[in-house]
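This report describes the fold, one residue of interest and one surface feature of the protein shown below.

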Amino acid sequence: MSDKFLFDIKFQVKILKLMLDDCAVLAKAQKYLKPNFFENKWLTWCYTQIIEYYEKYQKIITIEVFLEQIKGINSPNENLMEYLAVVKQIFNEVVTEAEFIKDKLEEFIKRNIFVAKMKESAELYNKNKFDESMVVCEECWSEVNKVNFHDAHRVNFFNDIDQRITKRNEILDKNDYRFPTGILELDRFINGGLSRGELGIVC
């Protein structure tokens, strides 16, 4: 199985078209998606143009701008018609499965991060650099876990729980009034009851 894990060129074209169709996807993708994740130099170039234009103007690049950028490719070894063909393919692509592509995009990014980090870790291990190899493994899991294309309101309750408990206690210290639940043992456990603006679920 290849390093691209069957996320073929057709899929990668859909990714780029989705970024052109949905600014929110583009904004999230730029945080995690690296140019070298793409299968060939033309898709890599197109992705780079999309990101650079968005970072500079906070807008989605148009096909007219793409055509101007193609004219600026001066290398005698490059066939400009190949770049033009890929750009047209992207703009002509119709994405009818946007939500599915978003989910697979997250997996695509995570797998590419994993492959790159595991290769780096293996190379260090083979050089008898075990500690450095382990550090790269830890970096891998940290980077993979940061990738998230879900809506902002979908939050894992256990993320940053220590910080949130500390913040809650600071709020409680400023406002000592509690609302008793009517369950004696529970009220004792939560220091007298619920605080203002607090929602408690008892199972």
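Lys17 is found in helix α1, which spans residues 9-21. Helices here are DSSP runs of H or I with at least four residues, strands are E runs of at least two, and both are numbered from the N terminus. The model is predicted, so local features need pLDDT of at least 70 and side-chain atom pairs count only at pLDDT 80 or more, while totals for chains, interfaces and linings use all residues. Residues are numbered from 1 along each chain as its sequence is written, and side-chain values use heavy atoms, with hydrogens and water left out.

Leaving aside residues up to four places away in sequence, Lys17 touches Ile90, Phe91, Glu93 and Val95; contact means heavy atoms within 4.5 Å. A second residue, Phe130, has its place in helix α7 (residues 130-146). The table lists the accessibility of both residues; buried means under 20% relative accessible area, exposed over 50%, and partly exposed in between (1.4 Å probe, protein chains only).

| Residue | Relative accessibility | Class |
|---|---|---|
| Lys17 | 11% | buried |
| Phe130 | 46% | partly exposed |

## The protein as a whole

The protein has 9 helices and 0 strands. Of its 203 residues, 32% count as buried. Among contacts with a separation of 6 or more, 62% are accounted for by residues 24 or more positions apart. The accessible surface comes to about 13800 Å², and 55% of this belongs to carbon and sulfur atoms; accessible areas come from the Shrake-Rupley method with a 1.4 Å probe, and for residues only the protein chains shown count as cover.
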